[in-house]
Amino acid sequence: MKTVYTCFCTEIIHEGHLNIIHEAHRLGKVVVGALSDKALIRYNKIPTISQAERVKLYRGLPDVEEVVIQEDMLYDDVIALIHPDYVVHGDNWKDGPKAKIRSHVEVLLNAYGGQIIDIPYTYNENVKKVDRQLREKLAMPEYRRKALRQLISVTPIVKTMEAHSGLTGLIVEKTVIEHEGRLDQFDAMWISSLCDSTEKGKPDIELVDMTSRFRTIEDITEVTTKPIIFDGDTGGLTEHFVYTVRSLERLGVSAVIIEDKKGLKKNSLFGTEVVQTQASIEEFSEKIAAGKRAQLTDDFMIIARIESLILEKGMDDALERARAFVRAGADGIMIHSRKKDPAEILEFCDKFRLEDRNTPIVVVPSSFNIITEAELVQHGVNIVIYANQLTRSAFPAMQKTAEDILKYHRAKEVDDRLLPIKEIITLIDEL
Ligand code: SPV
Ligand code: MG
């Protein structure tokens with residue numbers, strides 16, 4: 001009797017899955033792999049039912065002999081364990097990012113004479129509907145909101161990219177690359193005050209009001225599913241901040257980061273070139289505590305951002321503030337620097353981690369961009385935010401196009417650098 005293996009990550013069974021099992025059963029004894037919560041979360045397929053419930057669901061299917069947990073997206077663990085004669089999968093994994101997984105499995109099976117069987121993928125109206133339901137469920141506030149905590153618990157570092165519109169949100173949502181045998185994508189989105197303001201042609205001084213910033217969040221949530229970290233600037237008046245917390249929770253945002261400054265906020269990357277005032281430990285702690293009291297869900301996170309290094313107040317001040325803000329209830333600490341050399345950031349992380357092993361650390365390597373994600377992990381960082389790179393790449397490209405059209409008095413010369421018309425009109429999927 002041959003062993004036939006197929007891996008599922010679905011939460012709803014449709015005729016496509018039943019067809020795969022039916023075909024697998026004709027070849028031998030069917031073993032279904034349930035992709036573990038950890039693997040799903042790692043690859044942004046945040047589960048909405050538990051691993052145990054998925055196992056139960058698959059066990060109840062006709063012709064399924066056994067269900068095992070698959071921990072590894074690339075199948076190494078299960079193939080080593082059960083040595084299946086066949087691995088059966090819908091033929092949709094022959095193209096796109098999943099093709100990498102298929103070729104990896106092929107190598108594993110070839111080593112002992114196993115074989116892949118590609119089953120024509122079932123794609124009818126019902127299957128499409130189930131796919132859409134699964135995707136859109138993840139976009140619901142209650143699932144999206146908790147996804148950041150889930151990611152922090154299972155990924156070495158949460159890779160976060162700025163988004164300031166539906167379109168940039170789609171780029172963060174959908175960009176997947178294959179590199180050195182791995183699939184990679186961003187885990188979360190950062191709604192930067194700098195980029196949200198710049199997009200509106202306004203300075204980053206808390207001038208763009210919350211109603212407008214919430215509108216940006218909604219533009220993004222309408223077309224994406226990944227968790228959102230919101231740049232809350234100073235948080236404003238404590239009396240206002242408590243309302244902001246409630247609104248963000250309702251919108252499905254996972255975390256707000258507020259910085260310990262007061263008065264007219266300027267962008268941190270100006271450092272001491274402009275007048276910026278740091279809030280006292282007491283007043284900022286009170287703002288954090290008030291926010292924590294106001295929040296209704298356990299999922300939402302208030303992350304305290306420390307500006308001591310930016311304002312050249314020293315490492316001890318930064319560490320003292322970190323301790324105090326955690327005591328006040330902060331769910332994470334963001335430490336910022338505008339030095340090119342990451343040394344002071346790493347020193348902070350090392351010292352903080354000696355005292356506090358668990359509170360998530362967030363960094364924004366805009367200036368100290370030489371640092372790699374792997375190095376940040378070694379120093380205990382949990383979230384890395386690429387805070388402005390999409391905006392900064394779009395701006396020079398648009399400016400150059402505008403200049404060249406003025407120069408040549410026609411658009412032909414710029415056309416080679418543009419997205420083809422066919423692609424721009426089909427870029428956005430219709431429902
Ligand atoms: C932002 O992206 O708006 C930030 C990060 O707050 S920074 O611009 O570096 O201050
Ligand atoms: Mg900002």
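**View 1. The second largest pocket lies between domain 2 (138-387) and domain 3 (393-425), because both give residues to its lining.** The domain bounds come from an automatic or database domain assignment. The model is predicted, so local features need pLDDT of at least 70 and side-chain atom pairs count only at pLDDT 80 or more, while totals for chains, interfaces and linings use all residues. Residues are numbered from 1 along each chain as its sequence is written, and side-chain values use heavy atoms, with hydrogens and water left out.

**View 2. The lining of the second largest pocket has 14 residues, and those nearest the centre are His 164, Thr 168, Leu 390, Ala 394 and Met 398.** A pocket is an open set of points on a 1 Å grid over the protein atoms alone where a 1.4 Å probe fits, with protein on both sides within 12 Å along at least five of seven lines, and lining residues have an atom within 4 Å of a point. Two or more lining residues come from each of α8 (166-174), α9 (193-199) and α16 (389-408), and α16 gives the most, with seven residues.

**View 3. Lys 2 is placed in the segment before β1 (3-8).** Helices (H or I, at least four residues) and strands (E, at least two) are DSSP runs, numbered from the N terminus. Lys 2 touches Leu 27, Gly 28, Lys 29, Asp 85 and Tyr 86, leaving aside residues up to four places away in sequence, where contact means heavy atoms within 4.5 Å. Between Lys 2 and Pro 84 there are 7.6 Å in space, C-alpha to C-alpha, although the two are 82 residues apart in sequence.

Conventions: Chains lettered and ligands numbered in written order.
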